[in-house]
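I opened this notebook to keep track of what I looked up, residue by residue and element by element. The entries follow the order in which I went through the model.

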Amino acid sequence: MRILRKSGYFDDLIENCTDEKEENKVILEELNVYANPSYVYFKGNGKITFQNGNEISITPEILLALSSACIKEIVDFEIKDTKIMTVENLTSFNRIKEPGTFYIFLSGYHNSAKQNFIKKIHSQNPEKEYLHFGDIDPDGFYILQNLRTKTNINFAPYKMGITQLEKYSSFAKPLEQNDQKKARALKEKNLFPEIIDCMLKANQKLEQEIISWKEM
């Protein structure tokens with residue numbers, strides 16, 4: 001693992017990892033090595049067609065989960081909703097439900113297989129509005145920026161602004177030292193400057209579970 005970390009090939013992926021254990025996990029997942037199978041969850045209105053011709057219809061009432069191996073076999077992904085939203089947290093994914101929105105739970109940082117999958121969805125559904133719902137903390141915005149950069153899709157943040165941070169400030173947590181370091185790095189890159197400044201000044205961060213609990 002030391003050789004892989006020092007190769008430089010995975011620098012972008014591990015940039016925001018907090019320790020060596022997390023770096024090892026991210027690198028191994030990029031190489032399709034998992035402690036347990038990795039799944040992608042969906043809900044909304046759509047239809048999936050696989051290489052063997054099999055089809056699966058997706059409805060808002062029935063949550064569907066496919067392994068990373070299965071998503072590689074998808075040849076067509078038709079989404080009938082007008083919006084497509086990736087969700088960072090599974091609890092929020094299970095809670096959130098708005099008409100006309102198709103939801104995808106990818107679980108935190110995305111490896112290349114999941115990024116390629118999102119790009120395939122976009123290529124077949126380019127006219128949709130793309131949103132991302134994540135934590136209002138530095139990692140949440142790094143995940144959003146990573147999603148934008150690696151897919152070349154301009155995902156808009158959903159309920160990840162100053163309004164939510166101020167409204168639910170009583171549920172917020174103080175920034176840890178590593179949070180402050182990541183927030184300053186985002187500020188230096190001029191990424192999400194308004195909400196990052198607000199987090200730093202208030203010394204607060206907010207988990208998306210609070211927003212999904214209160215509003216969804």
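Entry 1: I looked up Thr49 and found it buried, with a relative accessible area of 14%, where buried means under 20% relative accessible area, exposed over 50% and partly exposed in between, computed with a 1.4 Å probe on protein chains only. This is a predicted model, in which I took local features only at pLDDT of at least 70 and side-chain atom pairs only at pLDDT 80 or more, while totals for chains, interfaces and linings use all residues. Residues are numbered from 1 along each chain as its sequence is written, and side-chain values use heavy atoms, with hydrogens and water left out.

Thr49 lies in strand S2; I take helices (H or I, at least four residues) and strands (E, at least two) as DSSP runs numbered from the N terminus. Leaving aside neighbours within four places in sequence, I listed the contacts of Thr49 (heavy atoms within 4.5 Å) as Asn54, Glu55, Glu73, Ile74, Val75 and Asp76. Glu55, in S3, is also the bridge partner of Thr49.

**Entry 2: the sheet around S2.** I then asked myself in what order the three strands of the open sheet stand. The order is S3-S2-S5, with antiparallel pairing, and two strands count as paired if DSSP finds at least two bridges between them. Strand S3 (55-58) and strand S5 (74-79) are at the edges with a single partner strand each, so one side of each has no neighbour in the sheet. From one strand to the next the twist averages 15 degrees, with axes taken as lines fitted to C-alpha atoms (for helices over the stretch in contact) and angles running from 0 to 180 degrees between N-to-C directions. Between S2 (residues 46-50) and S3 I noted four bridges in the antiparallel sense.

**Entry 3: salt bridges.** I noted seven salt bridges in the structure, each being a side-chain nitrogen of Lys or Arg within 4 Å of a carboxyl oxygen of Asp or Glu. In one of them, Asp139 pairs with Lys182, with 2.9 Å between the closest N and O atoms. This pair links distant parts of the chain, since Asp139 is in helix H7 (residues 138-151) and Lys182 in helix H9 (residues 177-188), 43 residues apart. Asp139 counts as partly exposed at 21% relative accessibility, whereas Lys182 is buried at 6%.

A further salt bridge joins the side chains of Lys159 and Glu215 at 2.8 Å, N to O. Lys159 sits in the loop between strand S9 (156-157) and H8, and Glu215 in helix H11, so the pair ties together parts that are 56 residues apart in sequence. I found Lys159 partly exposed at 25% relative accessible area, and Glu215 partly exposed at 29%.

Lys187 and Asp197 also form a salt bridge, their closest N and O atoms being 3.0 Å apart. Lys187 belongs to helix H9 and Asp197 to helix H10 (residues 193-202), so parts 10 residues apart in sequence are tied together. Lys187 is partly exposed, with a relative accessible area of 45%, and Asp197 is partly exposed, with 23%. I also noted that Lys159, Lys167 and Glu215 are joined into one network by salt bridges that share partners.

**Entry 4: helix pairs.** At what angle do the axes of H9 and H10 cross? They cross at roughly 145 degrees and come within 10 Å. The contact is made by Gln180, Ala183, Leu186 and Lys187 of H9 with Ile196, Asp197 and Leu200 of H10.

For helix H6 (residues 112-124) and H7, I found that the axes come within 9 Å and cross at roughly 65 degrees. H6 and H7 are therefore roughly perpendicular to each other, on a scale where angles under 35 degrees count as roughly parallel, over 145 as roughly antiparallel, 65 to 115 as roughly perpendicular and the rest as oblique. Gln115, Ile118 and Lys119 in H6 meet Asn146, Lys150 and Thr151 in H7.

**Entry 5: helix H11 and the whole chain.** In H11 (residues 208-215) I listed Gln208, Ile210, Ile211 and Ser212 as the buried residues. The buried residues of H11 pack against strand S6 (83-87), helix H5 (90-95), strand S8 (129-133) and helix H8 (162-167).

Last, I noted that the protein chain has 11 helices and 11 strands, and that buried residues make up 46% of its 216 residues.
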